Amino acid sequence: MLNVAIAFTSLGGIYCVTAMQAYTGFWPFFRRHPESLREKDASGEELIKIMIPYVFSAIGVIVVCVATGILEFVVGLGVSLWGAGLRVRTLEKKRENGALPGFYQYLPETAQKAFARRPMLAFDVWTMGTTAIVAIVFLLPKI
């Protein structure tokens, strides 16, 4: 049971990190060129403000794990990390409000239509794909 809890938490961490990378303009999907340095700083500050409750809840879960000695509570840390990633996804969806810029010019026309109909598909493919690859390569052989 503990192995599954650790795997869930690890995957939550990977999802949270890839969501934050995509939100801040990580290549290849979300290359943004802010108009000014102030706009870029505002985006980073907004992301930090969003992460504060999730960081405190993660710290609380770690304290509970240490205080009780029940390591299965680490699932709460995973829930906190997955929640943070999903919150960043919601924020990205509100900010873009349409097809996301980036790699569309290199895709076939049918793929461009799919991304135009569902603008957050690129974000989902990037975050969930990276999480799945990490799970397949590193975590599944150990469970």
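Let's start on the surface: Ile 48, Ile 52, Val 55, Phe 56, Ile 59 and Val 63 form a nonpolar patch there, and together they have about 570 Å² of accessible area. A patch here is built from residues with over 30% relative accessible area and no salt bridge, where like charges are joined within 9 Å and nonpolar side chains (Val, Leu, Ile, Met, Phe, Trp, Tyr) within 5 Å. Accessible areas come from the Shrake-Rupley method with a 1.4 Å probe, and for residues only the protein chains shown count as cover.

This is a predicted model, in which local features need pLDDT of at least 70 and side-chain atom pairs count only at pLDDT 80 or more, while totals for chains, interfaces and linings use all residues. Residues are numbered from 1 along each chain as its sequence is written, and side-chain values use heavy atoms, with hydrogens and water left out.

**The whole chain**

The protein chain has 5 helices and 0 strands, giving the pattern α-α-α-α-α along the sequence. Helices (H or I, at least four residues) and strands (E, at least two) are DSSP runs, numbered from the N terminus. Of the 143 residues, 32% are buried; buried means under 20% relative accessible area, exposed means over 50%, and partly exposed lies in between (1.4 Å probe, protein chains only). The chain exposes about 9,000 Å², and carbon and sulfur atoms supply 69% of that area. Contact means heavy atoms within 4.5 Å. Among contacts between residues at least 6 apart in sequence, 71% join residues at least 24 apart.

**Two helices that pack**

Two packed helices are described by the angle between their axes and the distance between the axes. Helix H1 (residues 2-24) and helix H5 (residues 121-139) pack at about 145 degrees, with axes 9 Å apart. On the H1 side, the residues making the contact include Ala 7, Ser 10, Leu 11 and Ile 14, and H5 contributes Thr 130, Thr 131, Val 134 and Leu 139, among others. The axes are lines fitted to C-alpha atoms, for helices over the stretch in contact, and angles run from 0 to 180 degrees between N-to-C directions.

Leu 139 belongs to H5 and touches Ala 7, Ser 10, Leu 11 and Val 134, not counting residues up to four places away in sequence.

A salt bridge is a side-chain nitrogen of Lys or Arg within 4 Å of a carboxyl oxygen of Asp or Glu. By this rule there is 1 salt bridge, in which the side chains of Asp 124 and Arg 89 meet at 2.7 Å, N to O. The pair links distant parts of the chain, with Asp 124 in helix H5 and Arg 89 in helix H3 (residues 74-96), 35 residues apart. Both Asp 124 and Arg 89 are buried.

**Pairs across the chain**

Tyr 54 is in helix H2, and beyond its neighbours within four places in sequence it contacts Ser 80, Gly 83, Ala 84 and Arg 87. The table lists C-alpha distances for this residue and two others.

| Pair | Apart in sequence | C-alpha to C-alpha |
|---|---|---|
| Leu 139 and Asn 3 | 136 residues | 9.2 Å |
| Tyr 54 and Leu 77 | 23 residues | 9.0 Å |
| Ile 14 and Ala 132 | 118 residues | 9.5 Å |

Leu 139 is buried because its relative accessible area is 19%. Tyr 54 counts as partly exposed because its relative accessibility is 24%.
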